[in-house]
Structure formats: C-alpha cells, structure tokens
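Please set out how this chain is built.

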Amino acid sequence: MAFYRHLFDEWPVAYACHRILYNHDNMPVDSVIVDVNKAFERLVGFDRNRILWRKATEIYKQAQMIDLDWNFFLQKALTYNKEFNYLFIWRGHYYEIKACCPERGFVAVTIEEARSLPTLT
C-alpha cells in the first residue's frame with residue numbers, strides 16, 4: 001500500500017478528495033478536503049496539514065482562486081455521476097478541473113493547467 005501512496009503523492013497532476021457538506025434542505029453548500037497529493041499542495045501553496053479537514057471555500061479563497069465558482073461546481077459534481085470538466089482562469093492561466101463522484105457525498109478532483117482551450121462557436 002505504501003508504494004501506491006508514494007506513486008499517488010508523486011503524481012504530477014493536482015488531486016483532492018472532498019467530502020460534501022449539506023444544508024438542512026440536503027443541498028450542497030461546501031465541502032471539506034479529506035485528501036490531497038503533493039501537486040495539489042504546490043498548486044495552492046499550502047502544505048497538507050493546512051489543507052486537510054478545512055472547508056474547500058476557505059482554501060480556494062486563500063489561494064485566491066476567485067474565478068472558481070464553487071457553488072456551480074458542487075451542483076454539477078452532484079448532478080452527474082460521471083466525470084465532468086470545469087474551466088477557470090487563475091493567475092493569468094487557464095486551469096481545468098476534472099471531477100467525479102466516486103460515491104454519494106464525495107467528489108474527487110484533479111486540477112491542471114489547460115493544454116488547449118475549447119473553441120467558441
């Protein structure tokens with residue numbers, strides 16, 4: 001198991017797993033980050049001890065990811081039980097989030113700089 005954890009931590013694409021937080025109407029309102037790899041730490045500029053078990057909105061706000069619409073993201077993540085992509089601008093670069101719901105109440109995401117931009121028609 002240690003081999004796979006090492007492989008996961010050294011993976012060059014930023015990864016985070018979120019546990020969704022719901023309001024009284026069972027609507028998603030935020031999430032808590034429960035796991036990250038080293039690439040995610042480098043991306044947001046914080047070490048895992050500062051990230052884990054904190055609300056995602058706090059971490060992303062502190063990392064100044066202001067173009068990331070977290071409410072839209074949560075709704076999409078819970079609407080689809082398959083992978084979806086979300087594009088946002090951060091620090092003058094386009095980033096793509098790929099996300100999926102491995103099980104109800106959790107969203108796994110990868111974040112990397114976009115290699116190409118969608119064509120607008």
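## A buried aromatic pair

Phenylalanine 40 counts as buried, at 0% relative accessibility. Buried here means under 20% relative accessible area, exposed means over 50%, and partly exposed lies in between, with a 1.4 Å probe and protein chains only. This is a predicted model, in which local features need pLDDT of at least 70 and side-chain atom pairs count only at pLDDT 80 or more, while totals for chains, interfaces and linings use all residues. Residues are numbered from 1 along each chain as its sequence is written, and side-chain values use heavy atoms, with hydrogens and water left out.

The structure holds 3 aromatic pairs. Rings of Phe, Tyr and Trp (its six-membered ring) pair if their centres lie within 6.5 Å; planes under 30 degrees apart count as stacked, over 60 as edge-to-face and the rest as tilted. One of these pairs joins phenylalanine 40 and tyrosine 60. The arrangement is edge-to-face, with 6.2 Å centre to centre and 70° between the planes. Phenylalanine 40 sits in helix H2 and tyrosine 60 in helix H4 (residues 56-62), so the pair ties together parts that are 20 residues apart in sequence. Tyrosine 60 also counts as buried, at 4% relative accessibility.

## Overall build

The chain has 5 helices and 5 strands. Both are DSSP runs numbered from the N terminus: helices are H or I with at least four residues, strands are E with at least two. Along the sequence the pattern reads α-β-β-α-α-α-α-β-β-β.

Of the 121 residues in the chain, 44% are buried. Contact means heavy atoms within 4.5 Å. Among contacts between residues at least 6 apart in sequence, 42% join residues at least 24 apart. The accessible surface comes to about 7,700 Å², and carbon and sulfur atoms account for 53% of that surface. Accessible areas come from the Shrake-Rupley method with a 1.4 Å probe; for residues, only the protein chains shown count as cover.

## The sheet

Strands of a sheet pair through backbone hydrogen bonds, either parallel or antiparallel. In this model, 5 strands form an open sheet in the order S2-S1-S5-S4-S3, with antiparallel pairing. Strand S2 (28-36) and strand S3 (84-90) are the edge strands, and each pairs on one side only. Two strands pair if DSSP finds at least two bridges between them. The twist from one strand to the next averages 30°. Helix H1 (residues 2-10) packs on the sheet and touches S1 and S2. The direction of H1 makes about 115° with that of S2. Axes are lines fitted to C-alpha atoms, for helices over the stretch in contact, and angles run from 0 to 180 degrees between N-to-C directions.

## Strand S5 and its partners

How much of S5 is buried? The count is 6 of its 8 residues, so S5 is largely enclosed by the rest of the structure. Strand S1 (residues 14-22) runs antiparallel to strand S5 (residues 106-113), and 6 bridges join them. Cysteine 17 stands opposite alanine 108 in S5. Alanine 16 has valine 109 in S5 as its bridge partner.

Strand S4 (residues 93-100) is also joined to S5 by 6 bridges, and these two run antiparallel. Their hairpin has 5 residues between the strands, and glycine 105 takes a positive phi near 95°. Glutamate 96 stands opposite glutamate 112 in S5. Glutamate 112 is buried, with a relative accessible area of 18%. Not counting residues up to four places away in sequence, glutamate 112 touches Val13, Tyr95 and Glu96. The C-alpha atoms of glutamate 112 and leucine 43 are separated by 8.8 Å, though the two residues are 69 apart along the chain.

## Asparagine 37 in its loop

Asparagine 37 lies in the loop between S2 and helix H2 (38-44). Is this residue buried or exposed? Asparagine 37 counts as buried, at 0% relative accessibility. Its side chain reaches the backbone oxygen of valine 13 at 2.9 Å. A polar atom of that side chain also lies 3.5 Å from the backbone oxygen of phenylalanine 8. Leaving aside neighbours within four places in sequence, asparagine 37 is in contact with residues including Phe8, Trp11 and Tyr15.

Phenylalanine 8 and tyrosine 15 are both buried.

Conventions: Polar contact = N/O pair within 3.5 Å; in protein donor to acceptor, adjacent residues only side chain to side chain.
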